[in-house]
Each structure stands twice: as C-alpha cells, then as structure tokens.
Amino acid sequence: MNLELAGRAVLISGAAQGIGAATARAFAAEGARVALVDRDEAAGRALAAELAGSIFIPADLTDDGACERAVAETVRTFGRLDILVNNAGVNDAVPLSASPAEFLGSLRRNLLHVFALTHFATPHLIAARGAIVSVSSKVAVTGQGSTSGYAAAKGAINALTREWALALAPQGVRVNAVVPAECDTEQYRRWFATQPDPAAARAEIAGRVPLGHRLTTPAELADAIVWLASPRASHVTGQLLFVDGGYTHLDRAATGGAAHWG
Ligand SMILES: NC(=O)c1ccc[n+]([C@@H]2O[C@H](COP(=O)([O-])OP(=O)(O)OC[C@H]3O[C@@H](n4cnc5c(N)ncnc54)[C@H](O)[C@@H]3O)[C@@H](O)[C@H]2O)c1
C-alpha cells in the first residue's frame, strides 16, 4: 500500500527516543520530512543525522513559547505542516496525596503542550487538510491507582481527540489517538530498572498481555500512527486505537499465568 506520505511535513513531539523515535523512522521511510522536537539534544541530533530530510528542534515542551517556536521553525523549514504527532509524555507518578501544585506540574508535562502544539499547528494543518495523532495511555481508561496527573492528562487527550475531530472536521483535518499499554521503550526500561528484580518484573507484565505474552514494540505503535496520519485513513477521525496486544479489553482471567492453556 502506498501511504501517500512522500514530501509531507511532520512534527513529532518527544521524537528522540521510544515511540516518537520509531515513528520518526517510519515516516522517514515513507519519504516524509520530519521535525524531531525533544529536549534530549544528543539523541535528537543523532536521529536527525540518520534520517534524510529531517531536522532536530531542541525544545522543553513544558514552555508554551517553545511549543510555538517549534511549530514556527517546522513551517519555516518545510514551508508547510501536514501532520502533528503529540507523543511526548511521562508517567510521573503524581498521586492523589501530592499537592495541587505537583498535580499541575504533571499536567504541564503531559497535557498542556498537547494543547499548545495543536493550537499553534492548527492553521497550518487546515491549510494542508492534514491530520493529528496523539499518544494516549491505557491508564486513561483503566486507572493505575498511583498517578493522578498522568491519568488526568491522558483522559483529557482522549476527550480532546473527540472534541478536536469535531472542531476540525469542517476543515478536513482528521484527529485520532493511539493508546499503548505496555510498550518496550526507554521510559519503560528505566522503570524496570527500579524494580528489585527487573527481569522478573518484565516477565510478569509481559505475561499479562494476551497476544504473544510480550510487550508491544515501538515500531508497532509507529505503524499505527503513520497509517492513521496518512491519506489512506481518509475517513477515520475521532478514534482511539488501542495498540496493546489486547491488554486493555480482553478478559483478565485469560491473561495471566497458565490460564490460557485451559
Ligand atoms: N512505553 C509505554 O509502555 C507507554 C504506555 C502508555 C503510554 N505511553 C506514552 O507514549 C508516549 C511516549 O512514551 P515512551 O515510552 O516512548 O517514552 P520515552 O521516555 O522512551 O520517550 C519520550 C521522549 O519524549 C521526550 N520528552 C518527554 N517530555 C518532554 C518535554 N517536556 N519536552 C521535550 N521532550 C520531552 C523525552 O526526552 C524522550 O525522548 C508518552 O506520551 C507516554 O505517556 C507509553
């Protein structure tokens, strides 16, 4: 299938590592030009050097001005913006017992830049009749019990996917989200490393995933994001696509231990 992405201009937030980096690679493989926006300068510059037609824009997205500048620099470089991927985020474990200021800080790390980037990108996306794909989390629908700020931010991303799909339908801009559960990224490996037995923790979590008893790969998320953003998904909007090996929706009784043998 030709995804009709050659020459399209894409901005990806949090593109230096993990799902964002895999998505940048997948767009570049389709001939798109990618603006990699990230605060990790070393990893971002290294990836931009690897991907023909891409640029790296250093930015800490907790700063609204940095979001505005990232969009402006993308448009200045490529002359257009067709696709926005709101990917940056961190499960920062700000619980109910944290202060209101800490909760707001989590929203700044996980949600406010999604609004800011989308706000500043929208006129360009309308001009291109483009698309937005945001990266949510299963925490938005399952909860986690220890991460109020992140859950609120990802729940808001789900709500805004529907809200913006309606707001921008008249202008032909499609808005969708992918919802990962357990994806094998740098962020997740850092968390495994904090566990008393990282290999056992990883095996236990992988064992709960119905399809293949393994973590999702970043490339599997990237493939879904690239398709949703492409003109080949031309009548798909307002969707939350769970790319999670069935983790979120399938029967929990069938996901652990030896239950799947019975
Ligand atoms: N890995 C999983 O299992 C999983 C599960 C559910 C949701 N997600 C979501 O997927 C997205 C990507 O996660 P990942 O696992 O690839 O993470 P990652 O830590 O491996 O990569 C995230 C990238 O975003 C950048 N970044 C984060 N905050 C930033 C900021 N404020 N300014 C600039 N750059 C910033 C980081 O520098 C990094 O390069 C996140 O929104 C995350 O919440 C991941």
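Modeller: Domain bounds here come from an automatic or database domain assignment. The model itself is predicted.

Colleague: Why is the ligand said to lie between domain 1 and domain 2?

Modeller: Domain 1 (9-181 + 218-239) gives residues to the shell around the ligand, and so does domain 2 (182-215). The ligand therefore lies between them.

Colleague: Which residues come nearest to the ligand?

Modeller: A residue is near if its C-beta atom, placed from the backbone, lies within 6 Å. There are 28 residues around the ligand, and Gly14, Gly18, Gly89, Thr185 and Gln187 come nearest. Helix H1 (18-29) and helix H7 (186-193) are the elements that give two or more residues to this shell.

Colleague: How do the residues of the shell divide?

Modeller: They divide into 10 nonpolar, 11 polar and seven charged. Gly counts as polar.

Colleague: What span is expected of helix H4, and what does it reach?

Modeller: H4 (residues 100-128) has 29 residues. At 1.5 Å a residue, 42 Å is expected. From first C-alpha to last, H4 reaches 39 Å, close to that value.

Colleague: Where is the kink in H4 centred?

Modeller: On Arg108, with a kink of about 50°. Just after H4, Arg129 has a positive phi of about 50°.

Colleague: What makes E3 and E7 edge strands?

Modeller: The open sheet has seven strands, in the order E3-E2-E1-E4-E5-E6-E7, with parallel pairing. Strand E3 (55-58) and strand E7 (240-242) each pair on one side only, and they are the edge strands.

Colleague: How do you know that E5 and E6 pair?

Modeller: Pairing needs at least two bridges. Five bridges join strand E5 (residues 131-135) to strand E6 (residues 174-179). Therefore E5 and E6 pair.

Definitions and conventions
Residues are numbered from 1 along each chain as its sequence is written. This is a predicted model: local features need pLDDT of at least 70, side-chain atom pairs count only at pLDDT 80 or more; totals for chains, interfaces and linings use all residues. Helices (H or I, at least four residues) and strands (E, at least two) are DSSP runs, numbered from the N terminus. The expected span of a helix is 1.5 Å times one less than its number of residues. The bend at a residue is the angle between axes fitted to the seven residues ending there and the seven starting there.
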